[in-house]
Structures are given as C-alpha cells and as structure tokens.
Amino acid sequence: MHDCGKSDRPIVPKMSANKETDRSATAEQKEGRGLAKGNLREQNRLRTQSRVRLQNELAHVRQIAINDKDARFTALWHHVYDLERLREAFFNLKRSCAKGVDGETWEHYVENLEENILDLSERLKRGAYHAKPVRRVYIPKPDGRQRPIGIPALEDKIVQSATAEVLQAIYEPDFKAFSYGFRPGRSQHDALDFLAVGIECGKVNWVLDIDLRAFFDTIDHKWMITFIEHRIADKRVLRHIMKWLNAGVLEDGKIWQAEYGTPQGGSISPLLANIYLHYALDNWVAVWKKKQARGEMLIVRFADDAVFGFQHRWEANKFLEELKNRLSRFHLELNIEKTRLIEFGRFAAMTRARRGEGKPETFDFLGFTHICDTNRRGNFIVLRLTKRKKMQAKLKEIKLELRRRLHDPVQVTGAWLRSVLQGHYQYFGVPRNMPAMSSFRHQVTWLWQRSLVRRSQKHRNCWVKINNLAQQWLPRPKIQHPYPDWRLYVKT
C-alpha cells in the first residue's frame, strides 16, 4: 500500500487556513469584494501557479500508479479537500450550469467564494459533508425517447470534480489504449480515426457494433466499490463515492433510491463508468484478443458504445456469445436492437457481389454513418457521413428554437444560427463529408426563410432577402479535421 503523504495534509508545508487563503487570494477577495479590473493579470498569475502546484502534487501519485500496477492508495482524501483544488474545480464549472435540488447558482456562490470554499473544505476534512439527491430531468433522444439526466447540487459538483481529478491520476495509466471516452487528451475524433485506419489498413472483414442497454442506469453499486477497491484503500474516498451513489434521485417531488445506476450529469459519473467498464469489459476483451483470437481483431470503445472488427465471421459470433455471458455477470446487457454483426471491410463489396448480394451494410458510431467506399484512385476507404437521424434531430431542434425567436431582431437570430453552424462544422467537418454539411446549411437556410415568412403579413417568397442574409450570417461548410491517417501519424 502507498500513502501519498503520511499525514493528513498536502505535500506542501502546512499552513493555517488564513495563510492558505492569503497565498491564493488577493486582499479584495478576503474582504468579500470582487477583483478590480486592474488585478485580472494578478488573478490569472495566481491561478496558473495554483494549477502547477496541484499538478505537481498528483505527479507523485501518477508515478506510483505507473510503476506499481498492484499498488493501493491509502491516503488521498487530503488532495480532495485542498482549498486550491476545490477553488479550481469551482472555476471549471460552467457558469450557466443547471441548478440542483438546493437551487444554488454559480453567480450566487462566487459572491462569498472564499468563505464557501473554506467551509466546504472543513466539512470534508472532519466528515461533516453530506451529499444531496440529484434532480432528474429528461432530454429528448434522436429516436424519440427520453434520456434521464441527473443534476447534482453545486457543492456536490465541486467535490465530485476534485475527486475525479485525483482518481484520474491513478486510473489513467491503467485504462486500455482502445478506450477513448471521457479521457484527457482523447476525443471522439481520435476514436473515429483509429477505427477508420484500423478497418482500411487491417484485415477486418466483419464489424460487430454493440450498444449497452441503459448502461448508466444498470451499474451495480457493489461491483463498483469492489472495482475501486482494487486501487483505492482510503476509506474516506470510498465512503464519499458511496454517498454519491446512494444520494437518491428527486423526481416529481419524491426521492427514491436504487442499488443500481449512477446519474448521467454528475462530474464523477464518466470516470466511474470508465472504471466499471475497465474491469467488467476492457480487461476481459484484451485477454480474449491475446489468448483466443486466431485472426486480426480491432477494438474501439467510447463510453458504452463499442465497435469490434474481426477477420473471421465464426470468431465474431464466438466472441459475441461469450461477451453476453461476461456482461450478465456484472448486471449489464446488450441492446439487441442496436447490436449488429455486418460484413464490412475492403473485400466486403467484392465478396457480396460474388454471392449476388447488394452493397455492404453500414453502421453508426459517434454520430457518423460508416460506409464502404473507394477514392478516386479506386482504393478502399471508410466513408463517414453525418448520421441522418442526428441531422434530422438537430434540424427539428433549430426549427423549434426559431419559432421561439420569431420576433427577435434578424441580427440576433443570425448570430445564433452562425454559432450553431460553426459548432456543427467543428464536429462533422471530416474529409469527404462536405455534401452532408452543405445539405445541413441549405436546410437551416430554408427553416430561416420559413420563419421570416411567418413574421410578414404579405406571405410572399423572400428568397432574395434570405440569400443575402445567409451570405452574411450563415458560414459555408469547411473541412475542420485532417484525414484519419494524418492525425494518427502526427500523434503517434
């Protein structure tokens, strides 16, 4: 076992609460006043120094985790209630984040930030901190269903964020290379590029696209704690994680608790999900690939969505059956409607044509539809286009928002639509996806034209006007990302 600091304090010289506050706050903060404009540079300098110190403190923890895969950490909680870490976690929250059951907002909490953070730190230190239930809301999914989201109280977000940062230093070296979801330095496009290059350059003939049914709602609390105890022996960390898991959900004025699930929306939920899948799925998959796979095997996972590539069909079927048994052991289940095994790869079109079958099937992953195609030189490529349901759901959302903004000034609506299109291009602007992005811009232009017609009593076509407005406010699509092999080449 390893103590990250033998005593219950950070690895820096011990200071009183007042001296700690003096070091990280200016006189204006201690007096309860905001920083003057002339002190913004000083504030940025102090926060930069703070981040460096916090990162240095966790560097020792991270190094132990890398060197000793069996190490269990017994003293971590003092890193969580560190004043600067809590303060930094607060500033990392979105100012417009939704309110939890306590009704506390970012703007109100920051008015007495130093007093609030000091009080929170003291409660965490002496064990007087109590987690509050999460407020449940629902957001629509592209398929028409509702996705439940849990909104924790503001202080719960702060503590969860600080705890996740500390635990990330331990678990990040353990996570597998094919896991991309909610990890620092990794994004959806890293996963998409690795998948595309793996199919294009490897011996992948069959693709198994899986989806876990209601994953966040079926996580077993007992198994979660068992998994965390492989690395964490600090009882205070374990106790607070159980507090968040058992805090309950407030819905329709009633609080209910369950022994399964972690609410989506919590600051620590993505990390807990990765830990759960690391032990329940990733480790087993890595061993299966090493000891049982006879042909090539490709693995890409982002949160609860995963894609596996196989050289042989019989091996894919064998893996799927054993995967179902493995998941059932940990109270997880495949979503049969979204789990498919399809023929896909460089030889798929040729072999299907030889059998008199149609074009290879497609699969969806992270908002893109993946298609077997060829480039101008006739070489096989994985064509990635915006998922149709994803685009339709976004257009429906824009249509409803335009109705709400019906009487807003044209310039205000135009600026909003510009930000929407820029965000869309930033994610979907991958090579060869220009037609889908152009179609999206055309549909947005048409929706705006219909909205302007409703504002006028003359009800005449105003395409000349809308074309001028589109030229002014709606940017044209642009490819934002390099080719998959180029990005992987740069990163590796």
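Strands 8 and 9 make a hairpin with two residues between them, and in the turn Ala-303 has a positive phi of about 60°. Helices (H or I, at least four residues) and strands (E, at least two) are DSSP runs, numbered from the N terminus, and two strands pair if DSSP finds at least two bridges between them. The model is predicted, so local features need pLDDT of at least 70 and side-chain atom pairs count only at pLDDT 80 or more, while totals for chains, interfaces and linings use all residues. Residues are numbered from 1 along each chain as its sequence is written, and side-chain values use heavy atoms, with hydrogens and water left out.

Strand 8 (residues 297-302) is largely enclosed by the rest of the structure, because six of its six residues are buried. Buried here means under 20% relative accessible area, exposed means over 50%, and partly exposed lies in between (1.4 Å probe, protein chains only). In a regular strand the side chains alternate between the two faces of the sheet. In strand 8, Met-297, Ile-299 and Arg-301 point one way, Leu-298, Val-300 and Phe-302 point the other way, and all are buried.

Strand 9 also pairs with strand 5, again in the antiparallel sense and over six bridges. Here Ile-210 has Ala-306 of strand 9 as its bridge partner. Strand 5 pairs with strand 10 as well, antiparallel over four bridges, and Val-207 stands opposite Ile-342 in strand 10. Strand 5 (residues 206-211) is mostly covered, with six of its six residues buried. One side of strand 5 carries Trp-206, Leu-208 and Ile-210, the other Val-207, Asp-209 and Asp-211, and all are buried.

Helix 7 can be checked for its span. The expected span of a helix is 1.5 Å times one less than its number of residues. Helix 7 (residues 113-126) has 14 residues and should span 20 Å at 1.5 Å a residue, which agrees with the 20 Å between its end C-alpha atoms. Its buried residues are Leu-113, Glu-114, Ile-117, Leu-120, Ser-121, Arg-123 and Leu-124. Gly-127 follows helix 7 and has a positive phi, near 80°.

Positive phi values also occur in loops. His-331 has a phi near 65°, positive in a residue other than glycine, and lies in the loop between helix 14 (313-329) and strand 10 (340-343). His-331 counts as partly exposed because its relative accessibility is 35%. Leu-366, with a phi near 55°, is likewise a residue other than glycine with a positive value. Leu-366 lies in the loop between strand 11 (363-365) and strand 12 (368-374), and its relative accessibility of 14% is why it counts as buried.

His-189 lies in helix 9 (residues 188-201) and counts as buried at 6% relative accessibility. A polar atom of the His-189 side chain lies 2.9 Å from the backbone oxygen of Tyr-427. Asp-82 lies in the loop between helix 4 (77-80) and helix 5 (83-91) and is buried, with a relative accessible area of 3%. A polar atom of the Asp-82 side chain lies 3.0 Å from the backbone nitrogen of Glu-84.

Lys-141 lies in the loop between strand 3 (134-140) and strand 4 (146-151) and is buried, at a relative accessible area of 19%. The C-alpha atoms of Lys-141 and Lys-389 are 9.9 Å apart, although 248 residues separate the two along the chain.

Terms used: A polar contact is a pair of N or O atoms within 3.5 Å; within protein, one must be able to donate a hydrogen and the other to accept it, and residues adjacent in sequence count only if both atoms are side-chain atoms.
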